[in-house]
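Colleague: I am new to this structure and would like to learn how to read the packing of its helices. Could we go through it step by step?

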Amino acid sequence: MTTTLADHKDDRKTWIREQLAVLGHTGTGTGTGGGQGAAPDRVVWQLLHPGDPATPRREHLLLRAVADRHRWRAQLDAAHAARGDPHPVSATDPGMPHAA
């Protein structure tokens, strides 16, 4: 089976959510709607076409992706700090417990 970039991104998000659940944090803060506070079930996806004026500039998309990643990492670090675990989390760490 070939893994696409979208599959990898979804796997990363799932891994973060599982780790937050293991640490006792079930909320994801501001939602996953591109950092705009929308609940995941209220997001509407629409295909954009080249030249569409509603398409955000590439710079804005990249900055939003970086901000989302930063927010997720801060949530994960806060969950670890609240649990009293000062060690950083690694996706490749075999000692990290798995979500139930």
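Modeller: Let us begin with a term: two residues are in contact when heavy atoms lie within 4.5 Å. In this predicted model, the buried residues of α2 pack against α1 in that sense.

Colleague: Which residues of α2 are buried?

Modeller: Buried means under 20% relative accessible area, and in α2 this applies to D68, R71, W72, Q75, L76, A79 and H80. As a general idea, an α-helix has 3.6 residues a turn, so residues three or four places apart point the same way.

Colleague: How do the axes of α1 and α2 cross, and which residues meet there?

Modeller: Angles under 35 degrees count as roughly parallel. The axes of α1 (residues 5-22) and α2 (residues 58-83) come within 9 Å and cross at roughly 20°, which makes α1 roughly parallel to α2, and the crossing is left-handed. From α1, the residues R12, K13, W15, I16, Q19, L20 and V22 meet W72, Q75, L76, A79 and R83 of α2; by class, this contact has seven nonpolar, two polar and three charged residues.

Colleague: What follows α2?

Modeller: G84 follows α2, and its phi is positive, near 85°.

Conventions: Residues numbered from 1 in each chain as written. Predicted model: local features only at pLDDT ≥ 70, side-chain atom pairs only at ≥ 80, totals over all residues. Heavy atoms only, no water. Axes fitted to C-alpha atoms, helices over the stretch in contact; angles between N-to-C directions. Helix = DSSP H or I, 4+ residues; strand = E, 2+ residues; numbered from the N terminus. Parallel < 35°, antiparallel > 145°, perpendicular 65-115°, else oblique. Left-handed = near helix turned anticlockwise from the far one by under 90°. Nonpolar A, V, L, I, M, F, W, Y, C, P; charged D, E, K, R; others polar. Buried < 20%, exposed > 50% of the residue type's maximum accessible area, 1.4 Å probe, protein only.
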